[in-house]
Amino acid sequence: MSFICTISLLTTMTTANAAKVGLGFDQGFGVAGQFNNINLFVGNNGVSGDYLLKQGSVDKNIPLNYYLGGGLFYKWHNDDEFGVRVPLGLTIPFAQKFDAFAQLSPNLGYKDEKDELRFSLSAAIGIRYAF
């Protein structure tokens with residue numbers, strides 16, 4: 001039932017607003033999506049969701065854009081870990097309706113099995129297609 005609700009929500013968001021979907025590496029290899037100001041990633045090592053607080057162009061003459069956001073992540077690879085992150089990324093359009101993205105994210109995560117709070121830095125890269 002939850003799978004049907006998720007597909008329904010994504011379909012509604014896609015038809016109402018511009019959406020981007022593609023592949024990348026963030027929480028392992030997986031599917032990347034952007035719906036307005038929300039970035040989502042589902043990979044073989046975990047999931048993440050970010051709200052983009054600030055977006056803009058680096059320069060009028062260069063087709064390079066930046067974004068800054070805040071979000072959550074959950075990793076199930078090795079030890080379960082969940083926490084908050086602050087993604088800072090760049091996007092560059094390279095063909096009609098295609099863009100590439102790269103980001104760095106400082107993370108503050110909690111590992112339940114080890115009862116440990118830790119800081120880490122993660123990176124992501126991928127390609128998306130705009131509908």
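# Exercises on a predicted protein model

**Exercise 1. Work out in what order the elements of the protein chain run from the N terminus on, and what share of its residues count as buried.**

Step 1. Starting at the N terminus, the elements of the chain run α-β-β-β-β-β-β-β-β-β.

Step 2. The protein chain has 131 residues, of which 32% count as buried; for this step, a residue is called buried when its relative accessible area is under 20%.

**Exercise 2. Find which residue meets Lys20 in a salt bridge, and explain which parts of the chain the pair ties together.**

Step 1. The side chain of Lys20 meets the side chain of Asp99 in a salt bridge, with a distance of 2.9 Å from N to O.

Step 2. Because Asp99 lies in strand 8 whereas Lys20 lies in strand 1 (residues 19-26), the pair ties together parts that are 79 residues apart in sequence.

Step 3. The two partners can also be described by their accessibility: Asp99 is buried, with a relative accessible area of 5%, while Lys20 is partly exposed, with a relative accessible area of 25%.

**Exercise 3. Determine which residues are joined with Asp99 into one network of salt bridges.**

Step 1. Arg128 also forms a salt bridge with Asp99, and here the closest N and O atoms are 3.4 Å apart.

Step 2. Since Arg128 lies in strand 9 and Asp99 in strand 8, this pair ties together parts that are 29 residues apart in sequence.

Step 3. Both Arg128 and Asp99 are buried.

Step 4. Salt bridges that share partners therefore join Lys20, Asp99 and Arg128 into one network.

**Exercise 4. Identify the salt-bridge partner of Lys114, and say where in the chain the two residues are found.**

Step 1. Lys114 forms a salt bridge with Asp79, the closest N and O atoms lying 3.3 Å apart.

Step 2. Lys114 is in the loop between strand 8 and strand 9, and Asp79 is in the loop between strand 5 (62-75) and strand 6 (81-85), so that the pair links distant parts of the chain, 35 residues apart.

Step 3. Asp79 counts as buried, because its relative accessibility is 16% and the cut-off for buried is under 20%.

Step 4. The total number of salt bridges in the model comes to 7.

**Exercise 5. Locate the patch of negative charge on the surface and list the residues that gather in it.**

Step 1. The residues of this surface patch of negative charge are Asp112, Glu113, Asp115 and Glu116.

Step 2. To place one of them, Asp112 is found in the loop between strand 8 (98-111) and strand 9 (116-130).

**Exercise 6. Describe the surroundings of Arg85 by naming residues with which its side chain makes polar contacts.**

Step 1. Arg85 lies in strand 6, where it is buried, with a relative accessible area of 3%.

Step 2. The side chain of Arg85 makes a polar contact of 3.3 Å with the side chain of Ser48, and a polar contact of 2.7 Å joins the side chains of Arg85 and Asp50.

Step 3. Gly69 has its place in strand 5 and counts as buried at 2% relative accessibility.

Step 4. Gly69 and Arg85 are 16 residues apart in sequence, and from C-alpha to C-alpha they are 8.4 Å apart in space.

Key
Residues numbered from 1 in each chain as written. Predicted model: local features only at pLDDT ≥ 70, side-chain atom pairs only at ≥ 80, totals over all residues. Heavy atoms only, no water. Patch = residues over 30% accessible without salt bridge, like charges linked within 9 Å, V, L, I, M, F, W, Y side chains within 5 Å. Areas by Shrake-Rupley, 256 points an atom, 1.4 Å probe, with all protein chains shown as cover. Salt bridge = Lys/Arg side-chain N within 4 Å of Asp/Glu carboxyl O. Lys, Arg positive; Asp, Glu negative; His and termini not counted. Charge placed at Lys NZ, Arg CZ, Asp CG, Glu CD. Helix = DSSP H or I, 4+ residues; strand = E, 2+ residues; numbered from the N terminus. Buried < 20%, exposed > 50% of the residue type's maximum accessible area, 1.4 Å probe, protein only. Polar contact = N/O pair within 3.5 Å; in protein donor to acceptor, adjacent residues only side chain to side chain.
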